[in-house]
Amino acid sequence: MLRIENVSKTFNIGTVNEKPALRHIDLRLYPGDFVTVIGTNGAGKSTLMNAIAGVHQVDEGNIYIDGQEITRWPESGRAKLIGRVFQDPMAGTSPTMTIEENLAMAYKRGKSRGLRVALNSKLRDFFQSSLSVLELDLENRLEHKVGLLSGGERQALSLLMATFTKPKILLLDEHTAALDPKRAQLITHLTEKIVRQDRLTTLMITHNMDQALKLGNRLIMMHQGEIVLELNELQKAKMTVKDLIRAFEDLKGEQFVDDRVVLG
Ligand SMILES: Nc1ncnc2c1ncn2[C@@H]1O[C@H](COP(=O)(O)OP(=O)(O)OP(=O)(O)O)[C@@H](O)[C@H]1O
């Protein structure tokens, strides 16, 4: 479903600020894989997502989605294949538009260029049934402005907007990190539900080590632009957060440093 072959990315090449962010990354996600991504400070986690989404063009290597090479596609061209949710609940939605207008915008992104999306009753029914999955009663508030929603409701809407067109790849970029624990728990629960229900192929960055072990069927750990540890479902199930940190320290001979790490 997603194939990353020998991908490298260096920022500010040839300057004193030269920074290799990805070094020869190889990664394959199979249909329905839910992979959590953890790593040390500046390990390259966000750069990896930006490379997949087309925010940054890579210097070397190839990226394929569903067998199609997309390495040189612009970000806009990849939007119909990729759903993404960011850390900031304000980032994925437009506050001055209503819930249904936001949904229509996301719906259009998943369709061919130039297609006009008329807000007819069939589409409203579809939006309402999609919103009902969230169990936040948003299906009865289609005409409410998104700016009036709470951070948690807004992030739930962003998650829905990123997923209801069934993208080939879902990228979750610390999407619960800015929420209070209760709301973070709600979004985590919704993520699991939607990903499982739609069998979405998912890559999720988290600083919560416990969450990284509990969610999904695979885990990767990054450090200095490389994937240094990969765990499958069975290995993950047997590990504790302590084991995970010890595994890194045994491998690299240094402490696992992530300023934002949450041990669980
Ligand atoms: N646009 C950019 N310009 C220059 N350097 C960048 C840019 N984006 C990232 N970097 C650098 O590339 C390296 C990898 O950054 P990235 O944000 O991918 O790491 P990360 O694993 O997501 O880090 P963290 O968890 O600490 O946010 C870092 O050293 C960072 O400073």
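**View 1. Thr 93 sits in the loop between strand 6 (82–85) and helix 3 (99–109).** Helices (H or I, at least four residues) and strands (E, at least two) are DSSP runs, numbered from the N terminus. The model is predicted: local features need pLDDT of at least 70, side-chain atom pairs count only at pLDDT 80 or more, and totals for chains, interfaces and linings use all residues. Residue numbers start from 1 along each chain as its sequence is written. Thr 93 counts as buried because it has 23 C-beta neighbours inside 10 Å (buried: 20 or more other C-beta atoms within 10 Å of its own, C-beta atoms placed from the backbone). Beyond its neighbours within four places in sequence, Thr 93 has contacts that include Asn 102, Val 146 and Arg 154 (contact: C-beta atoms, placed from the backbone, within 7 Å). Thr 93 and Leu 159 lie 66 residues apart in sequence and 10.0 Å apart in space, C-alpha to C-alpha.

**View 2. Six strands form an open, mixed sheet in the order 6-7-8-3-9-10.** Strands pair if DSSP finds at least two bridges between them. Strand 6 and strand 10 (226–231) are the edges, each pairing on one side only. The twist averages 20° from one strand to the next. Strand 3 (residues 34–39) and strand 9 (residues 218–223) run parallel, joined by five bridges. Val 37 stands opposite Ile 220 in strand 9.

**View 3. The shell around the ligand draws on strand 2 (19–29) and helix 1 (45–53), each with at least two residues.** Helix 1 gives the most, three residues. Among the residues around the ligand are Lys 19, Gly 44, Lys 45 and Thr 47 (near: C-beta atom, placed from the backbone, within 6 Å).

Key: A residue is buried if 20 or more other C-beta atoms lie within 10 Å of its own, exposed if 12 or fewer, and partly exposed in between; C-beta atoms are placed from the backbone. Two residues are in contact if their C-beta atoms, placed from the backbone, lie within 7 Å. Axes are lines fitted to C-alpha atoms, for helices over the stretch in contact, and angles run from 0 to 180 degrees between N-to-C directions.
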